[in-house]
Amino acid sequence: MPSKLIGKFKIRAKSKLTRSILLYLVFVVISAMFWYFITLNKDVQQDITFQFEITNLPKSVTMIDDAPSVINVTVRDKGSAFLKYSLFSSLKIKVNFADFAEANSGYFRMNAVQLRNAVKKHLNREALIVSLLPSEINLKFTNLPGKKVPIRPDWNIEANIQYEVYGTPTLSQDSVMVYSDRETLAEINEVYTYHAEATNLTDTLRRELTIAPIRGAKIVPRTVTLMVPVEQLIEKHKNVNITVRNTPPDVNFVLFPSMVEVSYLVPKSLYKVNRDDIKLIVDYNSIDLTSKSNKAAVMLSEYPGVYKNVELLTDSVEYIIEKR
């Protein structure tokens with residue numbers, strides 16, 4: 001019997017607690033609705049972002065100046081209006097190119113009043129536009145075809161001491177198209193990249209280079225890709241024949257040995273390539289025939305520029321002179 005009384009007491013307690021919670025929640029909802037109703041009917045000031053697009057651009061026209069992608073508008077209106085703008089309105093301003101293009105000046109112009117009117121079409125009648133950014137639009141365009149001009153790159157490229165720039169640094173293209181008015185195009189004969197710096201390279205470099213802008217002109221494309229081939233240098237040894245120069249016709253000049261070993265660093269891809277691209281000479285005219293020594297100095301005459309640290313392991317050889 002006592003347990004039944006305790007159970008009933010717990011049920012009543014829970015019912016009172018539940019009713020209290022529900023009552024509290026009802027008041028919260030009512031308060032929230034009341035606050036929301038007041039807020040939505042109160043004048044507030046907020047920033048709205050409109051997408052901006054120029055439509056019906058003729059194929060023969062090139063816009064030299066880029067149109068703004070967005071218009072930032074500060075608006076004063078009812079709170080409920082901003083809810084509508086965010087949920088139900090398409091915040092995009094589309095303007096017809098022909099309506100604002102001035103063929104004589106080569107400019108697309110929308111003054112502050114025209115831009116405000118374009119924005120106003122998307123707002124309530126009671127809305128007040130406080131500010132626009134940009135406040136007006138002035139864009140240069142041209143009907144002329146582009147002019148093809150070469151690119152003059154500006155770079156400083158250096159490989160690591162154990163590596164070599166093997167090959168000529170190249171750009172993805174050697175020229176660009178430039179668009180502008182007739183007078184400006186006549187003065188443009190080349191474009192330049194911004195300076196690029198790359199040192200201590202240990203691998204092939206690929207980097208986007210930006211072309212420096214020219215006031216009053218549009219450059220297409222604005223970036224090109226620089227490729228610098230870099231290879232590891234490997235030490236190589238080779239025996240090279242010696243060539244004798246300026247030997248008199250009545251003299252037989254014999255060298256011992258007739259070849260010497262040369263060491264050098266070569267790009268990895270050339271390591272297994274065997275070429276007669278290193279030239280060694282002994283110059284008969286440089287020999288002091290009055291000296292008791294029968295040693296002739298061996299000199300490097302030619303070798304490819306990609307070979308580094310070229311050294312003779314023997315810098316002189318013996319000789320015999322025989323009269324014919």
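The following dialogue shows how several features of this predicted model may be read.

Visitor: Which conventions apply to the model?

Guide: This is a predicted model in which local features need pLDDT of at least 70 and side-chain atom pairs count only at pLDDT 80 or more, while totals for chains, interfaces and linings use all residues. Residues are numbered from 1 along each chain as its sequence is written, and side-chain values use heavy atoms, with hydrogens and water left out.

Visitor: Where is the place of L57?

Guide: Helices (H or I, at least four residues) and strands (E, at least two) are DSSP runs, numbered from the N terminus. L57 is in the loop between β1 (43-55) and β2 (62-63).

Visitor: Which residues does L57 touch, not counting residues up to four places away in sequence?

Guide: A contact means heavy atoms within 4.5 Å. On that basis L57 touches M63 and F97. The C-alpha atoms of L57 and F97 are separated by 5.8 Å, although the two residues are 40 residues apart along the chain.

Visitor: How many aromatic pairs does the structure hold?

Guide: Rings of Phe, Tyr and Trp (its six-membered ring) pair if their centres lie within 6.5 Å; planes under 30 degrees apart count as stacked, over 60 as edge-to-face and the rest as tilted. The structure holds six such pairs. One of them, F97 with F141, is edge-to-face, at 5.2 Å centre to centre and 75° between the planes. F97 lies in helix α3 (residues 97-100) and F141 in strand β8 (residues 137-142), so this pair ties together parts that are 44 residues apart in sequence. Both F97 and F141 are buried. F97, F100, F108 and F141 form one aromatic cluster.

Visitor: Which charged end sits over the ring of Y271?

Guide: A charge sits over a ring if NZ of Lys or CZ of Arg is within 6 Å of the ring centre and within 35 degrees of the ring normal. For Y271, the charged end is that of K236, 5.6 Å from the ring centre. Likewise, R109 lies over the face of Y107, at 4.5 Å from the ring centre.

Visitor: How many bridges join strand β9 to strand β13?

Guide: Two strands pair if DSSP finds at least two bridges between them. Four bridges join β9 (residues 147-152) to β13 (residues 175-179), and these strands run antiparallel. V149 has V176 as its bridge partner in β13. Two bridges join β9 to strand β14 (residues 191-192), and these strands run parallel. In β14, Y192 stands opposite R152.

Terms used
Buried means under 20% relative accessible area, exposed over 50%, partly exposed in between (1.4 Å probe, protein chains only).
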